[in-house]
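Here's a quick briefing to read with the model open in your viewer. Take the topics in any order you like.

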Amino acid sequence: MTMMAKGGSNWAYAAARSKTRKANLIDATRMRQLLQQEPDAIAASIAEFGYRSEMDVYATRLSGADLIEAALNHNMDRDLAQVLGYCQGNLKEVVSIYVDRFGYQKAKTVLRAVRSGVDYETLAHQVLPEENEENNKWLEIVKQSDDLGDVVSALSGTRYGRALSDLDSSASLMQMEDALDAHYYKASLETLPSTNSLLSRYLRAEIDHRNVINLFRAMRQGLSVDQRSALMIKGGKLSAATLRQAEQAADGAALLEILRRANGFDDTGMDEALAASNEQGTLDPIVSIVTGQRMSLLRKMSLLNPVSAFPVIHYIESKVTEVRNLRLLARGKAAGLEIDVLEAHLLI
Amino acid sequence: MALDIKPTRSELINLKRRIKQTQNGYNLLKLKRDGLFYEFRILLSEMIEAKQALVNTFIEAKQAINLASSIEGGLAVKSAAIAIAQSPEVEVSRHNIMGVVVPKVEGRYLSQTLEERGLGLIGGSPYLDEAADSYGTLIESIVKAAEMESTLKRLLVEIEATKRRVNALEFKVIPEMQEAQSFIQLRLEEMEREETFRLKRFKNK
């Protein structure tokens, strides 16, 4: 394996620790039990599952679902830092590439805040809580920036700065966000040792999934072929010719037919999802099936490559999924979403 | 009833003219009242439909935002919300329905396309798109319902006022004027009889 060829990495140790951590995550049975509980009981259970210290941090100024979400995010950031902490050498580089995606999200939030002139206090209290030490560097940028140009200057020298360096000074927020999203995959694929490495294979599949969702989004929003083309992320397994054809598809069925002809596209359940999507007027069924495919691929790669970066990445993704599921339960229950709806969106 | 009227022929002619004018005005006001009521009933049925649509749109929008907050996270929704390039704007002008000045509400940036929102397209979420679309439709429905509701209120006030005027003319002003007319006619006839009697007495002497 390409990723294992370089020395200095603690693949086996990191994989073992990640598997242990993964075993401690909330399992599907417990998650289904949580689904039946009331919001207050869910909050108490979440605290018991290892989120108590973060909940205590925010309990003085937040309550309800906001408190739970802030605590979950804080815990996840802390967890990611710990995981990176026990990875060494090349493994750390590979795992960092995966973890970087959360940094890109925060960079976009900072750009949005500065462009809209949101005051520091609002941002530090509601969007990037200052109690989370991982947010401090981002809040500092917001504090020192008056416009988007200042943010770009503050980010220069970082991977985010490199993503924005090709844009001219009059670039809009939309162009900057798109540049960041495209750069994450481009830079990640360039950094990885070869196109055959495990993570690059996974990232290429993820790019395809993102492109498929974006094609359906663009179609639903009535975007032109040129606009659809601008949405496509390069580097996926779907060929440029397939993407060009897909961009011109007249409707969901035609798009699915084009994708079905492409090599490596898993169309299992897509017909039913498309029919449900058209009937319900939402892309939810398609997003759910694509997300399920991505999770399944990650699980498969992790099992097939037990001594690689994948057990670590699989753990990170499982942690992200746990946080997502708990947030779904907390927010969904507080908002009064029906149990059927919540169950359909739980990733278990 | 004490009538402060001069029982003269010219007064009778004036009064007859005023009665005719008042009856014309009464007929016009009745037509206006009926016209306003017709407009009101049409608008009312539209308003009932619009309100029902508003409630349904609100439920859908709430469901969409709840789902987006639950799946993408409340922070992601807030992060997207702070970056919206153009906030919805509402402009209120006036127009006329049968002499009643009613508001005309026009909105800008109520329902925005993906590009108008100004957020990145590549990393966007379908759940946030759908929540934003639902809220765009909701704001449009609110603006439409607000315009209809204030129009209905103005029409209702005007119908009430017109109804009071019609009733006042029908049951007070016109009967009083007709009474005055009868009084003058009786008085003139009486004066005529007195004059005839006086002339006869004068002739006999």
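How many residues of chain A are in contact with chain B, and how many of chain B with chain A? In this predicted model, 44 residues of chain A touch 33 residues of chain B.

**The A/B interface**

- Chain A and chain B bury about 3,300 Å² between them, and 56% of that area sits on carbon and sulfur atoms.
- Three residues stand out on the chain A side: A:Met174, A:Arg217 and A:Gln221 supply 19% of the area that chain A buries against chain B, more than any other three residues.
- As for salt bridges between chain A and chain B, the count is one.
- Polar contacts across the interface come to 23 residue pairs, with both partners at pLDDT 80 or more.
- Sort the chain A residues that touch chain B by type and you get 18 nonpolar, 11 polar and 15 charged.

**A:Ser145 in its loop**

- Look for A:Ser145 in the loop of chain A between helix H8 (136-144) and helix H9 (148-155).
- Why does A:Ser145 count as buried? Its relative accessibility is 8%, and the cut-off for buried is under 20%.
- A polar atom of the A:Ser145 side chain lies 2.6 Å from the backbone oxygen of A:Ile141.
- Setting aside neighbours within four places in sequence, A:Ser145 is in contact with A:Val114, A:Asp150 and A:Val151.

**The hairpin in chain B**

- Strand E1 (residues 89-97) and strand E2 (residues 100-108) of chain B run antiparallel and are joined by nine bridges.
- One of the paired positions is B:Ile97, whose bridge partner in E2(B) is B:Val100.
- Two residues separate E1(B) from E2(B) in this hairpin, and B:Met98 in the turn has a positive phi of about 50°.

**Helix H2 of chain B**

- Which residues of helix H2 (residues 74-82) of chain B are buried? They are B:Gly74, B:Leu75, B:Val77, B:Ser79, B:Ala80 and B:Ile82.

Conventions. Residues numbered from 1 in each chain as written. Chains lettered and ligands numbered in written order. Predicted model: local features only at pLDDT ≥ 70, side-chain atom pairs only at ≥ 80, totals over all residues. Heavy atoms only, no water. Contact = heavy atoms within 4.5 Å. Buried area = accessible area lost by both parts, 1.4 Å probe. Salt bridge = Lys/Arg side-chain N within 4 Å of Asp/Glu carboxyl O. Polar contact = N/O pair within 3.5 Å; in protein donor to acceptor, adjacent residues only side chain to side chain. Nonpolar A, V, L, I, M, F, W, Y, C, P; charged D, E, K, R; others polar. Helix = DSSP H or I, 4+ residues; strand = E, 2+ residues; numbered from the N terminus. Buried < 20%, exposed > 50% of the residue type's maximum accessible area, 1.4 Å probe, protein only. Pairing = 2+ DSSP bridges.
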